[in-house]
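Here is a short briefing on one protein chain. Look through the sequence and the structure first, then read the points.

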Amino acid sequence: MLRRYPLVVCMLGCYGFHLILKFGRIPVPIFLSHYFADLLCMPLLLSVVVIGMRWVKSIPNLTLSLPMIVCAVVAVGFVFEYWLPKISQRYTADGLDLWMYGVGGGLFWVFQTTLVPKGKGDFS
């Protein structure tokens, strides 16, 4: 996985480091403590989806279209920023989280369009 998906491994490492800091109660800037995980959420989630789809469909260059990425961002935003805060006090709605999901989805799209070879496998 490291050779085929180095960016995913790097993001997982960053998230792991974030968790070590969080659970170690090490003081970090507000962005890292409140929004870094939200920023990584969409690129990691969409990467897992693409890796799974590539494996199932046996298409090594399969990519997600921009509308699919936007739908995923909207769905995650709806669930975590609207629905879950209404049914559980554990979750809080935060508009900046929505921005982080959107920025993360945009970063995923940019990385995907610049790093994956064009051709057969585009899921448009």
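This is a predicted model: local features need pLDDT of at least 70, side-chain atom pairs count only at pLDDT 80 or more; totals for chains, interfaces and linings use all residues.

Residues are numbered from 1 along each chain as its sequence is written, and side-chain values use heavy atoms, with hydrogens and water left out.

**Confidence**

- The predictor's confidence in each residue is called pLDDT and runs from 0 to 100.
- The chain has a mean pLDDT of 91, and 93% of its residues reach 70 or more.
- Helices (H or I, at least four residues) and strands (E, at least two) are DSSP runs, numbered from the N terminus.

**Helix α1**

- Helix α1 covers residues 6-23, which makes 18 residues.
- Which residues of α1 are buried? They are V8, M11, H18 and L21.
- Seen down the axis of α1, these buried residues fall within an arc of 145 degrees, so they line one face of the helix.
- The arc is taken from the directions from the helix axis to the C-beta atoms.
- Buried means under 20% relative accessible area, exposed over 50%, and partly exposed in between (1.4 Å probe, protein chains only).
- The buried residues of α1 pack against α2 (30-34) and α3 (36-57), where contact means heavy atoms within 4.5 Å.
- F17, I20 and F23 are exposed, on the face of α1 turned away from its buried side.

**Two loop residues with positive phi**

- Most residues other than glycine have a negative phi.
- R25 sits in the loop between α1 and α2, and its phi is positive, near 55 degrees.
- R25 counts as exposed because its relative accessibility is 76%.
- S58 lies in the loop between α3 and β1 (63-64). Its phi is also positive, about 55 degrees.
- S58 is exposed, with a relative accessible area of 61%.

- D97 belongs to helix α5 (residues 95-115).
- D97 is buried yet has no salt bridge, meaning a side-chain nitrogen of Lys or Arg within 4 Å of a carboxyl oxygen of Asp or Glu.
- The nearest side chain of opposite charge to D97 is K22, 11 Å away. Lys and Arg count as positive and Asp and Glu as negative; His and the chain ends are not counted.
- Not counting residues up to four places away in sequence, D97 touches H34, Y35, D38 and E81.

Conventions
The expected span of a helix is 1.5 Å times one less than its number of residues.
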